[in-house]
Amino acid sequence: MVPVTTRVLKCDSAAIHFHTNVDKPEITCPQTLSALEVASHHLVDLSEPVAFPTETVYGLGAMALSTVASTRIFTTKGRPADNPLIVHVSSHAMLKSLLPDGYVLSRAYQALIKHFWPGALTLLFPRNPAIVPTIITAGHSSVAIRMPSHPVARALIAVANVPLAAPSANSSGKPSPTRAEHVLRDLNGKISVILDGGACEVGLESTVVDGLHEDGKLRILRPGGITVENIRHVLEKEMRDSNEIPDILVHRRDYADEEIELAPTTPGMKYRHYAPSVPLTLLMTTSPPPTSEPTISIFQLFNSLKTTRSLKVGILAPTDSALWDMLPPDGFEWYRYPLGPAAEPAVSAHRLFHGLITLEREGVDLMFVEEMKEDREGLAVMNRVRKAAGDIRWIADK
């Protein structure tokens, strides 16, 4: 890949307004409009990928309906070809243009779209083979689509007037970027344009829901910014007059599907993801270990790491964790990154990737991250941590 000059263009989200029943945004800041037009030029006229902010993480977008443009996402990231992409739309009309003729949204999908679009929810739809290239879906008969709520993301799609395929804007396998500076550090010289819309609000990727099975159940393939509890509440509210409120199943928690893990229909399922460049160990401090798993005390664990030199060790844990008072003072340089109160998993979700990237930048030799309760946003946090960690240690006491 020939190196290019990477420009970071500031965008003011407050200057972008979407009015009811109007698909095109009103943009009141000339600098923001200019940045969006430059990015659109690279996307549409040059078929190049562009990095842009969403409410979840920064995305690396290219024209979803162009095989040539979408291929550049894979080459820029070093992404395996069997890892499908999510298509981003700016309007319901754009969604409809991607779907097979005559396709009718299920009542459950109508409820979820009503409450969570635009937002951090991705839905699987039947793929229209005449429109959506196979590279987007890795050859599957379904396509993952969402409408982002970040004003810059939605405005970029609307200005370009094309749906954008967009995974996270990072080298494949690394922690997802939640700030423009994260993207620049990783992809500088590989892409021409990064739109800087500030820090991402959610901090983790979207929730992916598959509602295409004949049994009518909703399968959460990847937990994310919209929680299981959020989805259940909406379905019960919108379908309370129905005897057919669908069950919600979370992949790997409520069911197993070996076929989909080998050939995933959505990102984040098959490969190791989100991993920093140094070893990351997940500390299971509250959950009981499986029968065959050995346990170790936190003091034994840290003592086993001591060497002739002082180790730089990064720690990510809830702000109110007892772990902070158990770090031995001798033999280590501790780099602390609190993830927020244990009772507020949304804060941990917002801080997780930034924490991994920050500790990596500070030059730690290794990292530990403490487990959290797997409810609300904690389910998504633990999903990411398990994929990022190269080792899991079960702590006997704390």
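A: In this predicted model, helix α6 is followed by Asn161, whose phi is positive, near 60 degrees.

Q: What makes helix α6 count as mostly covered?
A: Helix α6 spans residues 151-160, and eight of its ten residues are buried. These are Val152, Ala153, Arg154, Ala155, Leu156, Ile157, Ala158 and Ala160. To be called buried, a residue must have under 20% relative accessible area.

Q: Why is Ala138 called partly exposed?
A: The relative accessibility of Ala138 is 28%. Buried requires under 20% and exposed requires over 50%, so Ala138 counts as partly exposed. Ala138 lies in the loop between α5 (134-137) and β8 (142-146). Its phi is positive, about 55 degrees, although Ala138 is not a glycine.

Q: Why is Arg252 called exposed?
A: Arg252 has a relative accessible area of 55%. The cut-off for exposed is over 50%, and therefore Arg252 is exposed. Arg252 is placed in the loop between β13 (248-250) and α9 (258-262). Arg252, a residue other than glycine, also has a positive phi, near 75 degrees.

Q: What is the omega of the peptide bond that joins Trp117 and Pro118?
A: Omega is about -10 degrees, and the bond is a cis peptide bond. Pro118 sits in the loop between α4 (107-116) and β7.

Q: Which residues touch the most other members of the largest nonpolar core?
A: That core has 81 residues, and Trp117, Phe125, Ile145, Leu195 and Ile231 touch the most other members. Membership requires that a residue be buried, belong to the nonpolar types and be joined through side-chain atoms within 4.5 Å. A second, separate core holds 27 residues, including Leu280, Leu282, Tyr337 and Val381.

Q: With which residues is Trp117 in contact, leaving aside its neighbours within four places in sequence?
A: Trp117 is in contact with Val89, His92, Leu95, Leu112, Leu123, Phe125, Ile145, Arg146 and Met147. Contact here requires heavy atoms within 4.5 Å.

Q: How do you know that strand β11 pairs with β7 and with β12?
A: Pairing requires at least two bridges between two strands. Three bridges join β7 (residues 121-126) to β11, and these strands run parallel. Three bridges also join β11 to β12 (residues 218-222), and that pair runs antiparallel. Thr122 stands opposite Val208 in β11, while Val209 stands opposite Ile220 in β12.

Q: Why does the radius of gyration of the protein chain agree with that of a compact globule?
A: A compact globule of 398 residues would have a radius of gyration near 21 Å. The protein chain has 21 Å, so the value agrees. Along its principal axes, the C-alpha trace spans about 65 × 55 × 35 Å.

Q: How many helices and strands does the protein chain have, and what percentage of its residues is buried?
A: The protein chain has twelve helices and 19 strands. Buried residues make up 57% of the 398 residues. The accessible surface of the protein chain comes to about 16,900 Å², with 50% belonging to carbon and sulfur atoms. Among contacts between residues at least 6 apart in sequence, 69% join residues at least 24 apart.

Note on methods
Residues numbered from 1 in each chain as written. Predicted model: local features only at pLDDT ≥ 70, side-chain atom pairs only at ≥ 80, totals over all residues. Heavy atoms only, no water. Helix = DSSP H or I, 4+ residues; strand = E, 2+ residues; numbered from the N terminus. Buried < 20%, exposed > 50% of the residue type's maximum accessible area, 1.4 Å probe, protein only. Rg over C-alpha atoms; globule rule 2.2 N^0.38 Å. Areas by Shrake-Rupley, 256 points an atom, 1.4 Å probe, with all protein chains shown as cover.
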